[in-house]
Amino acid sequence: MFKLARFYDDAVTGTTADIAGLVDYLKTFDALYIWGAGYLGDAVGAKLLEIGVPVTAYWDTRHESLASLHEIPVLPTFTSRASPERTGVVFCISSSFVMEHCLSELKRHGFAHRIQGDMLYAGLICPLDDQSTFKTCRDANACDVYTCRKNEYFHKRWLGVPENEPGPSLYFKNITFVINQICTLKCKYCYSYTNAYPDESRKNFPLAQILSDIDKTFDAIDGVKIVPLIGGETFLHPDLSLIVKKFLEKSNFGILNVTTNGIVKIHDRQLEGLADSRIQVVFSNYKASLSAKEGDLFDRNVERVRASGAQVIVMNETPQWTVPTTLWDRNYPLETMKQKRRDCLNPLICKYVKNGKFYPCTVADSIYNIGVADYPQDYVTLDADRSREALRGEIRTLLARSYFDSCRHCDGVCGTTGVTALAGEQGHYEVVKLPMPTRLRAAQ
Ligand code: SF4
Ligand code: SF4
């Protein structure tokens, strides 16, 4: 009997998938919708049609402009000609910013039969095998390299990540390296809180410190799948090229994402080294919030980086953006902090290295670096003279903590408090100071 969970497991391990069983299973629904008509939904929809699965329609917030894809209509989300119990939904939303929100909305509308689009892609389309490299993932624009379980399974195998050594292995999905705290934009809901830094902290970090952090981190860990290189704005760092070349000396990471907002002057010397099979230059797309002149600069920069031979990813204009937590101390009791830590995905997927320190999440990083508080147990110091074994032990201890003091400051879920409609909206969002009660503000 066909089991969807088994199909997913086979997809992850690259085992031949039960395609006939999948087709029969998908045909049992009275209606089958693909949620998300982006790159993933496009590829999965085409494949389902090819193997004989009738797709009723796509769901997408851009239904009016898209109208149809593969001659299948694109409809508003949650429109179904069948009851939710008899409807299958192939979930093809790959943006990790909004995924959790979308999943809870799906549940709220009563659609219980969710088929993971990324797993269909991994099992039906993805060519990765033991003869491949991470270039396969880098070049596949339909799937999310971050969340993909298949590339992680293969990467660990290629690196020979030990399963049985004492303590958990130090293989991570993601370690974000932050090279500066300055930016050319003022995104109101910047996940790095770049707007919130005092003037004296708005700077590029010293090259020597960044190079040492790269050495210390990569020598201490077993491996990491994705390394986002972020700021602020990365192209404001004059030594970007030397930093990138240092990363490329390391063999235990999959892909380096050099992230930019695209609204910056790019110098020729910064492009050196970017044309490498393990690098993507990722343009965050905030054009909907920017002027026409800025939009032109963005387009020119995309073309310029592309012309240098680097692989360029221009993000979709995300229809929703998360609102990061404020950072003041909320005085949560210990049990609440522990619960937050237990429920939080950030230490699992979003570790940060910044200016000589390793943090479990961006909230802990920002609380320290903005100067809200200093909790020495919420980070590991990457001292140049600390041994590999000492650092491994400290990183394990950090990540095994049942709560961080930073969790006492952290509102919402996983460091976010909701969603907003406009990516890259410019403006100010107070995160450091508790707002004054309205009656006191009125009396001022
Ligand atoms: S990220 Fe890589 S392994 Fe995962 S589905 Fe895409 S190409 Fe395959
Ligand atoms: S501070 Fe917030 S984001 Fe960090 S681990 Fe705690 S709950 Fe998660």
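Is D268 buried or exposed? D268 counts as exposed, at 59% relative accessibility (buried is under 20% relative accessible area, exposed over 50%, partly exposed in between; 1.4 Å probe, protein chains only).

This is a predicted model, in which local features need pLDDT of at least 70 and side-chain atom pairs count only at pLDDT 80 or more, while totals for chains, interfaces and linings use all residues. Residues are numbered from 1 along each chain as its sequence is written, chains are lettered from A and ligands numbered from 1 in the order in which they are written, and side-chain values use heavy atoms, without hydrogens and water.

**View 1. The salt bridge of R304 and D268.** The closest N and O atoms are 2.5 Å apart (a salt bridge is a side-chain nitrogen of Lys or Arg within 4 Å of a carboxyl oxygen of Asp or Glu). R304 lies in helix α11 and D268 in the loop between β9 and β10, 36 residues apart (helices, H or I of at least four residues, and strands, E of at least two, are DSSP runs numbered from the N terminus). R304 counts as partly exposed, at 31% relative accessibility.

**View 2. The salt bridge of K225 and E152.** Here the closest N and O atoms are 3.2 Å apart. K225 sits in strand β8 and E152 in helix α8, 73 residues apart. K225 counts as buried because its relative accessibility is 0%; E152, at 13%, also counts as buried.

**View 3. Helix α6, residues 117-124.** Six of its eight residues are buried, among them M119, L120 and Y121.
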